[in-house]
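Here is a briefing on a two-chain model. Please keep the sequence and the 3D view open while you read.

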Amino acid sequence: MVNTNIRRMKKEDLPEVMDQLLRLKRLNSEFDCSFTVSEESKPDIEKYLTKILNDDAHVLLVAEYSSRVVGILMADILFRIYYTPKYEARIREFYVMPEYRRKGIGKMLIEALRSTLKERDIILITAEFPSLNLIAQDFYRKLGYREIVSIYGQTSTNGPCP
Amino acid sequence: MIMEDQERTEKYNEDALRYSEYFKGKIQTISKVPVRSLDDFSIWYTPGVAAVSKKIASDPDLSFELTGRWNSIAILTDGTRVLGLGNIGPEAAMPVMEGKALIFNYLGGVNAIPVPIRVKSREEFVSVAKALEPSFGGINLEDIESPKCFFLLETLQKEMNIPVWHDDQLGTASITLAGVINALRVVGKKIDQVKVVFNGAGAANIAAAFLFKAAGFKMKNMILVDSKGILQPEREDIDSLMINNPWKYQLAIETNGERIKGDLSNAVEGADLLISAAKSGPDTIDSKVVKKMNKDAVVFVLANPIPEMWPEEAKENGARIVATGRSDFSNQINNSLVFPGVFRGVLDARAKGVNFDVMVAASYEIANFVEEPSEEKIVPTMEEWELYPRLASAVASKTVELGLARKNDSKEGFYRRAREIIEGNRNIYSKLMDLGLIKRMPNGEHKY
């Protein structure tokens with residue numbers, strides 16, 4: 001979408017970022033009970049985000065449209081001791097506000113991540129999302145991503161899932 | 001009024017149980033070729049019938065010419081949302097499907113076969129429906145839970161070569177549009193200028209919103225409201241809708257141009273039309289909301305058995321035209337005015353499909369059937385027999401115009417054919433009743 005600016009996340013963005021993160025997590029909670037959102041952790045999450053804002057181990061981007069944050073992308077840089085390439089950027093949080101979807105903003109965010117990583121010679125990008133999120137699946141497939149890892153889970157009887 | 005209504009409902013319930021036990025089903029197959037002697041079986045069955053089969057094998061489309069396929073439809077349900085009863089299963093859906101088959105036959109001359117099926121997934125439903133295609137000229141989906149019904153209708157319309165209709169969506173939407181067309185004629189407002197509020201975002205209203213769009217209403221001037229409030233892109237459940245109900249999601253993005261948030265009372269501010277298909281009343285909606293609407297407000301309160309607010313209350317608060325789902329008030333919005341004629345039409349044109357353009361044409365035909373629309377008469381009533389063949393010919397002609405028809409005829413030709421079939425069928429029926437071959441009600445009980 002024209003007039004959309006992709007830039008690094010700043011401290012001032014945090015209220016909008018938090019809102020979108022929580023929307024994303026609430027959606028996840030519909031896919032599996034192990035994703036039940038811990039609403040009381042909001043202050044901790046904000047603290048965590050503030051801490052990693054300028055941390056090399058993370059890439060945090062926002063899409064801005066008429067001075068409003070309309071999308072977020074957060075990736076962690078992982079070291080791969082057994083494999084080559086040695087570094088991987090894993091997209092863990094990715095959200096575009098509904099009103100601004102289907103306009104190419106998601107693709108712009110990924111593109112910006114790629115060029116940021118290029119400067120650091122990181123060429124492997126992976127994305128993590130609940131298996132049942134077919135929209136995410138479709139999005140990455142269209143960009144040429146393939147499924148490479150599966151995570152299976154079970155909760156012991158005392159866990160959050162009934 | 002409420003007490004009276006309840007008593008009457010109880011009487012219907014009691015009678016329906018008793019008569020169902022007495023008649024053991026509402027429909028049966030009855031042969032329609034002469035059997036002068038058993039020798040005729042050699043024509044209708046082997047050896048003669050082999051020639052007919054061979055002919056069809058060489059061209060499967062001939063099944064429409066040489067068998068009863070041209071006039072047969074399946075009423076297909078998984079029993080997951082039967083009336084207001086919920087998921088009661090395919091066996092329990094049968095009485096409803098038989099009733100539907102009776103109406104299809106009586107008003108439209110259509111051979112409708114009830115097919116309640118036991119399926120575990122929507123994909124399995126799709127494969128059963130597709131497997132049935134060779135036997136039928138159309139499919140009527142019935143009483144299927146939302147949002148599964150949207151997926152099934154969309155998929156089957158795309159993948160089948162016969163018309164697929166989901167009456168709870170399309171039938172209700174068409175008759176609603178027909179009523180709205182006439183209501184706007186009465187109050188002198190224009191389709192592309194009015195503001196419409198849909199209360200309830202189930203199958204009927206979601207389909208109606210898309211149909212209204214096809215009829216020229218502006219999406220930006222529509223607002224949908226459900227139990228969670230006004231539908232808009234920032235609502236908390238919006239991502240869940242994108243995954244689970246993309247049709248409703250699309251409406252959240254495309255409607256409500258002003259991005260109003262809140263509840264029904266915020267939505268109706270300055271609205272010209274309120275179309276409610278929500279929970280049965282009374283008092284599902286506070287009739288005071290009508291006060292906030294524009295001058296000459298039009299209010300459809302379609303919940304059954306009791307409308308969301310009583311018509312007189314709506315009028316006291318400023319509504320000029322009120323419609324309900326009931327026959328004991330004026331302006332009954334009843335899909336039985338739609339599906340018999342629509343199927344008569346698509347079958348006579350041997351249509352490959354049916355779409356919103358056909359439905360808009362159907363709604364206009366129904367609206368135009370009312371010669372002088374007034375506040376108390378915006379839609380025909382079920383006794384106006386002329387409606388069905390006229391609707392059939394309008395639908396058939398539209399499918400010809402859109403390239404969906406496999407049989408061509410003039411509007412007049414389609415009309416004559418539809419009328420002949422419907423009347424012929426009704427003659428057989430009344431003859432059988434006159435002769436007592438269709439059993440009389442036990443103990444000669446009264447008519448309602």
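Helix H7 (residues 148–159) of chain B lies across S3 and S4 of chain B. H7(B) runs at about 165° to S4(B). Axes are lines fitted to C-alpha atoms, for helices over the stretch in contact, and angles run from 0 to 180 degrees between N-to-C directions. Residues are in contact if their C-beta atoms, placed from the backbone, lie within 7 Å. Helices (H or I, at least four residues) and strands (E, at least two) are DSSP runs, numbered from the N terminus.

This is a predicted model: local features need pLDDT of at least 70, side-chain atom pairs count only at pLDDT 80 or more, and totals for chains, interfaces and linings use all residues. Residues are numbered from 1 along each chain as its sequence is written, while chains are lettered from A and ligands numbered from 1 in the order in which they are written.

**The sheet of chain B**

- Helix H14 (residues 339–348) of chain B also packs on the sheet, where it touches S1, S3 and S4 of chain B. The direction of H14(B) makes about 160° with that of S3(B).
- The sheet is open and has 4 strands, in the order S2-S1-S3-S4 (chain B). The pairing is parallel; two strands pair if DSSP finds at least two bridges between them.
- Strand S2 (111–116) and strand S4 (164–166) of chain B are the edge strands, and each pairs on one side only.
- From one strand to the next, the twist averages 25°.
- Strand S1 (residues 72–77) and strand S3 (residues 138–141) of chain B pair in the parallel sense, over 4 bridges. B:Leu76 has B:Leu141 in S3(B) as its bridge partner.

**The domains of chain B**

- Chain B is divided into domain 1 (49–162), domain 2 (173–324) and domain 3 (335–434). These bounds come from an automatic or database domain assignment.
- The centres of domain 2 and domain 3 of chain B, taken over C-alpha atoms, are separated by 27 Å.
- Where do domain 2 and domain 3 of chain B touch, and with how many residues? In chain B, 17 residues of domain 2 are in contact with 18 residues of domain 3.
- On the domain 2 side, helix H8 (167–187), helix H9 (203–214) and strand S10 (319–324) of chain B each supply at least two residues. H8(B) gives the largest share of that side, 10 residues.
- By class, the side of domain 2 of chain B that touches domain 3 has 12 nonpolar, 3 polar and 2 charged residues. Ala, Val, Leu, Ile, Met, Phe, Trp, Tyr, Cys and Pro count as nonpolar, Asp, Glu, Lys and Arg as charged, and the others, Gly among them, as polar.

**The fold of chain A**

- Chain A has 4 helices and 5 strands. Along the sequence they follow the pattern β-α-α-β-β-β-α-β-α.
- The 16 Å radius of gyration of chain A agrees with a compact globule, because 162 residues would give a value near 15 Å. The radius is taken over C-alpha atoms, and the globule rule is 2.2 Å times the number of residues to the power 0.38.
- The C-alpha atoms of chain A fill a box of roughly 50 × 40 × 30 Å, taken along the principal axes.

**The sheet of chain A**

- Chain A has an open sheet of 5 strands in the order S1-S2-S3-S4-S5, with mixed pairing. The edge strands are strand S1 (4–8) and S5 of chain A, and each pairs on one side only.
- The twist averages 25° from one strand to the next.
- Strand S3 (residues 68–79) and strand S4 (residues 87–96) of chain A run antiparallel, joined by 9 bridges. A:Met74 stands opposite A:Glu93 in S4(A).
- S4(A) and strand S5 (residues 124–127) of chain A run parallel, joined by 4 bridges. A:Glu88 stands opposite A:Leu124 in S5(A), and A:Ala89 has A:Ile125 as its bridge partner.
- H1(A) lies across strand S2 (58–65), S3 and S4 of chain A, at about 90° to S4(A).

**Where chain A meets chain B**

- 8 residues of chain A are in contact with 8 residues of chain B.
- On the chain A side, helix H1 (14–31) and helix H4 (134–142) of chain A are the elements that give two or more residues. H1(A) provides the largest share, 4 residues.
- That side of chain A has 4 nonpolar, no polar and 4 charged residues.

Key:
Contact = placed C-beta atoms within 7 Å.
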